[in-house]
Amino acid sequence: MANVIKIKKGLDINLKGKASDVLLNGGKSESYAIVPDYYNGILPKVVAKVGEKVKAGSVLMIDKNRPEIKFVSPVSGEVTAVNRGEKRKVLSIVVKPDAQIEYEEFGKKNVASLQGAEVKEVLLNAGMWPFIKQRPYDIVAAPLDTPRDIFVSAFYSAPLAPNFDFIVKGQEADFQTGLNALAKLTNGKVYVGVRSGSVVSGMKGVEIVEVEGPHPAANVGVQINHIKPVNKGEVVWTVNPADVIVIGRLFNKGVADFSRMVAITGSETTERGYVKTISGCTIKSLVNGKVLGQEHIRIISGNVLTGTKVNMDGYLGAYDNQITVIPEGDETHEFLGFAMPRFNQFSASHSYFSWLGTSKEYVIDARIKGGKRAMIMSNEYDKVFPMDIYPEYLLKAIIAFDIDKMENLGIYEVAPEDFALCEFVDTSKIELQKIVRDGLNLLYKEMN
């Protein structure tokens with residue numbers, strides 16, 4: 001029988017625009033890209049040249065500090081651009097795809113017959129290593145480390161989140177193989193968080209943990225905190241469940257096949273479901289013909305709480321399997337402002353009558369709706385923060401960069417996504433996730 005943990009604090013935001021469990025037709029992506037900014041903790045060094053022909057699995061970029069970490073092309077084709085910004089910062093490496101994808105051959109592998117070092121070598125060579133992130137610091141994992149444990153949250157609970165049971169359907173064998181590969185990388189356990197009745201509840205060789213409760217129940221940081229917290233000096237690794245499938249596919253097929261299912265969601269979409277695509281595709285190929293015009297909308301790669309604002313010419317986030325389209329709110333003019341009755345607007349504090357009725361779906365736009373002010377110690381963060389950590393005190397320690405206090409208050413356990421709900425309910429409109437990300441980056445530089 002699986003262990004059960006119950007999350008009591010949190011908040012489910014019931015938005016309009018959930019994806020139906022159906023496959024939609026996707027457009028052809030005219031280009032694919034590797035975007036270094038999606039990978040925390042790396043210093044990119046481009047090794048591919050413009051005009052070079054590549055296959056799916058060919059190396060485009062490496063981490064300058066850890067050259068064994070490779071970033072590979074998701075498709076075969078021609079490298080058409082290496083886009084740079086200020087101080088020659090690498091913004092993206094763009095590949096124009098072939099009509100038919102050709103793959104680098106890595107050879108099928110029986111995971112059961114491999115040692116941990118051999119599994120690690122396969123993942124590094126095929127460009128799968130960036131899928132593995134570590135706590136502390138929430139960065140791409142260091143290959144030389146041996147994690148205490150590995151955690152996989154095999155469901156999503158964010159607003160309009162994809163249904164992982166639908167995504168994994170027909171790919172259960174690849175998911176199992178991916179878990180088997182991860183189990184070779186640790187002397188501890190692989191913990192898999194699931195909802196009751198999930199199709200992956202029967203996975204073998206791992207510790208299944210059933211998780212009950214509202215968002216952020218699916219956040220891997222919340223599950224780590226409730227199952228086995230991270231102490232100073234310990235390292236744990238985490239992997240997105242959709243990426244576990246890709247890892248398993250590598251061993252079962254012997255090629256770097258970055259195909260994935262992306263949920264099209266949001267109130268401003270005309271079709272909602274799943275599109276089968278390849279990592280690094282253009283946003284246009286996913287949502288073209290599926291949105292209500294191209295003005296006054298916000299397209300987000302990811303969910304509304306932690307995703308990244310993108311435009312039609314942008315690219316799917318490296319770890320994302322959801323596109324959300326909501327109103328921008330830039331055409332809205334309110335005569336009475338906060339005094340409006342707001343019968344159809346969501347309120348976490350029940351400030352409006354709209355909270356009456358549990359099945360109501362809401363349309364929320366991208367406006368901040370308020371001015372920035374000092375952090376108010378009002379206990380509003382604690383109501384939606386289900387970790388055994390004092391969020392206000394930790395945030396203030398991060399702002400002051402008091403390393404001792406940060407360590408004592410749990411900095412090694414958290415990632416920016418763990419503070420997304422706090423940011424949502426924050427009456428001070430402070431960018432809490434950015435504070436946490438900047439604090440983790442500074443701490444990593446200080447400690448390494």
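Biologist: In this predicted model, which residues touch the most other members of the largest nonpolar core?

Modeller: They are Leu123, Met128, Trp129, Phe175 and Ile323. The core holds 84 residues. Helix 5 (residues 241-253) gives the most to this core, with six residues.

Biologist: What makes you say where this core lies relative to domain 1 and domain 2?

Modeller: Look at who contributes. Domain 1 (2-251) and domain 2 (261-337) both give residues, so the core lies between them.

Biologist: What does Phe175 touch?

Modeller: Leave out residues up to four places away in sequence. Then Phe175 touches Ala154, Phe164, Val168, Val200, Met203, Pro241, Val244 and Ile245. Contact here means heavy atoms within 4.5 Å. There is also a second, separate core of 47 residues. Val220, Leu395, Ile403 and Phe419 are among its members.

Biologist: Why is Asn225 called buried?

Modeller: Set the value against the cut-off. Buried means under 20% relative accessible area. Asn225 has 9% relative accessibility, so Asn225 counts as buried. Asn225 is found in helix 4 (residues 220-227). Beyond residues up to four places away in sequence, Asn225 touches Pro386, Met387, Asp388 and Glu413.

Biologist: How do you know that helix 4 is largely enclosed by the rest of the structure?

Modeller: Count the buried residues. Six of the eight residues of helix 4 are buried, so the helix is largely enclosed. The buried ones are Val220, Gly221, Val222, Gln223, Ile224 and Asn225. Their cover includes strand 1 (3-6), strand 9 (133-135) and strand 11 (150-153). Strand 12 (190-194), strand 13 (207-212) and strand 14 (236-238) also belong to that cover.

Biologist: Which residues meet between helix 7 and helix 10?

Modeller: Helix 7 brings Leu395, Ile398 and Ile399. These meet Leu432, Ile435, Val436 and Gly439 in helix 10.

Biologist: How do you know that domain 1 and domain 3 are in contact?

Modeller: By residues on both sides. 19 residues of domain 1 are in contact with 15 residues of domain 3. Domain 3 spans 389-445. The C-alpha centres of domain 1 and domain 3 lie 24 Å apart.

Definitions and conventions: Residues numbered from 1 in each chain as written. Predicted model: local features only at pLDDT ≥ 70, side-chain atom pairs only at ≥ 80, totals over all residues. Heavy atoms only, no water. Core = buried A, V, L, I, M, F, W, Y, C linked by side-chain atoms within 4.5 Å. Buried < 20%, exposed > 50% of the residue type's maximum accessible area, 1.4 Å probe, protein only. Helix = DSSP H or I, 4+ residues; strand = E, 2+ residues; numbered from the N terminus. Domains from an automatic or database assignment.
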